[in-house]
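Please take a moment to look over the sequence and the fold before reading on. The paragraphs that follow move from the whole chain to its sheets, its helices and a few single residues.

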Amino acid sequence: MHEPEQVWSGAFISRISLEEPTLGIRSLICGLLYLTEVASATPTQKRAATADGYYVTPYYPAPFGGWVGEWAKSYDKAKKLVDSMTLAEKTNITAGSGLFMEMQGIPCNGNTGSADRVGFPQLCLNDAATGIRLTDNVTVFPDGITAGATFDKKLLYERGAAIRKEARGKGVNVWLGPSVGPIGRKPKGGRNWEGFGADPALQAIGARETIKGVQGQGVIATIKHLIGNEQEMYRRQTTDFVSPAYSANIGDRTLHELYLWPFAEAVRAGVGAATTAYNRVNGTISSEH
């Protein structure tokens, strides 16, 4: 009885017994057929980043505000403030600084600049899905998907209010939450747990109650990520365009009835800020729509 030999058949290594020549010949033929198929195959075509019929052109410049009646007084007040500012002051308040300042003992993931002359203070921003992160003597609250699983509006509100209390205590002006994007289209999405569940109504109600709780006294909530941020891989656009951000290609009805619904509810709840997504939507960077 001979030990089986190792025979390379091109596609795989087959253990062939010398006492089973038919099996050996059959394996060799299969390997040759595989190599022939590979050699004759046409190259795989690169998939288009944006499917036909989905591309949306960038919108420049951003549309003017102030046309919603209930915001008219606030808009007029803000416009007068901006008109009185110098270019340097405008630049300073729209440029972030101090990313990861918590490493220096400051509970901010970032800060805006200030315009002291016109009474515009520097703002401290903190980014955490479970409360205030990277500082001491704070609570790690249940994450969004756990809170959403309770289907308890009162509890969702109280969770937001508790986050607001700790944010105020640490000097945080803007809490970068809640998150309703991703909505959870990809079950393996790395940040699904930050939201309240893969259902637009649940996400909307969870966001609404959280925003009301967070903004109860002196803290601004931020709804994010607008929109189509359903995966982390390749979501950022590199500055040299070597690695373009992926495009979430979404039809109009699906966009409005599923993805945008939680954001619309956040606006109705009076959310003070919004974060656009890094990825593209229908071929165009999210913030350029």
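What share of the contacts in the protein chain with a separation of 6 or more is accounted for by residues 24 or more positions apart? The share is 61%, where a contact means heavy atoms within 4.5 Å. This is a predicted model, in which local features need pLDDT of at least 70 and side-chain atom pairs count only at pLDDT 80 or more, while totals for chains, interfaces and linings use all residues. Residues are numbered from 1 along each chain as its sequence is written, and side-chain values use heavy atoms, with hydrogens and water left out.

The secondary structure of the protein chain comes to eight helices and eleven strands; these are DSSP runs numbered from the N terminus, with helices being H or I over at least four residues and strands being E over at least two. Of the 289 residues in the chain, 36% count as buried, and here buried means under 20% relative accessible area, exposed means over 50%, and partly exposed lies in between, with a 1.4 Å probe and protein chains only. The chain exposes about 18,000 Å², of which carbon and sulfur atoms supply 59%; the areas come from the Shrake-Rupley method with a 1.4 Å probe, and for residues only the protein chains shown count as cover.

Let us turn to the sheets. Six strands form an open sheet with mixed pairing, in the order β3-β4-β5-β6-β7-β9, and two strands are said to pair if DSSP finds at least two bridges between them. At the edges stand β3 (96-97) and β9 (273-276), each with a single partner strand, so one side of each is left without a neighbour in the sheet. Further in, strand β5 (residues 124-126) pairs with β6 in the parallel sense over two bridges, and the bridge partner of Leu125 in β6 is Val174. Strand β6 (residues 174-175) is in turn joined to β7 by two bridges, again in a parallel run, with Ala221 in β7 as the bridge partner of Trp175. Five of the seven residues of strand β7 (residues 220-226) are buried, so this strand is largely enclosed by the rest of the structure.

An open sheet of three strands, also with mixed pairing, has the order β8-β10-β11. Its edge strands are β8 (247-248) and β11 (284-285), each of which pairs on one side only. Strand β8 runs parallel to β10 (residues 280-281), and two bridges join them; the bridge partner of Ser247 in β10 is Arg280.

The helices can be followed through their packing, for which axes are lines fitted to C-alpha atoms, for helices over the stretch in contact, and angles run from 0 to 180 degrees between N-to-C directions. Helix α5 (residues 153-169) packs with α6 at an angle of about 40 degrees, their axes being 7 Å apart. These two helices are therefore oblique to each other, given that angles under 35 degrees count as roughly parallel, over 145 as roughly antiparallel, 65 to 115 as roughly perpendicular and the rest as oblique. The axes of helix α6 (residues 200-214) and helix α8 (residues 261-268) come within 8 Å and cross at roughly 25 degrees, and α6 and α8 are therefore roughly parallel to each other. In this second pair, Pro200, Ala201, Gln203, Ala204, Arg208 and Ile211 of α6 meet Trp261, Pro262, Glu265 and Ala266 of α8.

Some single residues also deserve attention. A cis peptide bond, with omega of about -10 degrees, joins Lys224 and His225, and His225 is found in strand β7. Another cis peptide bond joins Gly181 and Pro182, with omega of about 25 degrees, and Pro182 has its place in the loop between β6 and α6.

The loop between β7 and β8 holds Tyr234, a residue other than glycine whose phi has a positive value near 60 degrees, and which counts as exposed at 53% relative accessibility. Arg235 also has its place in the loop between β7 and β8, but at 8% relative accessibility Arg235 counts as buried. Not counting residues up to four places away in sequence, Arg235 touches Arg191, His225, Asn229, Ala245, Tyr246, Tyr278 and Asn279.
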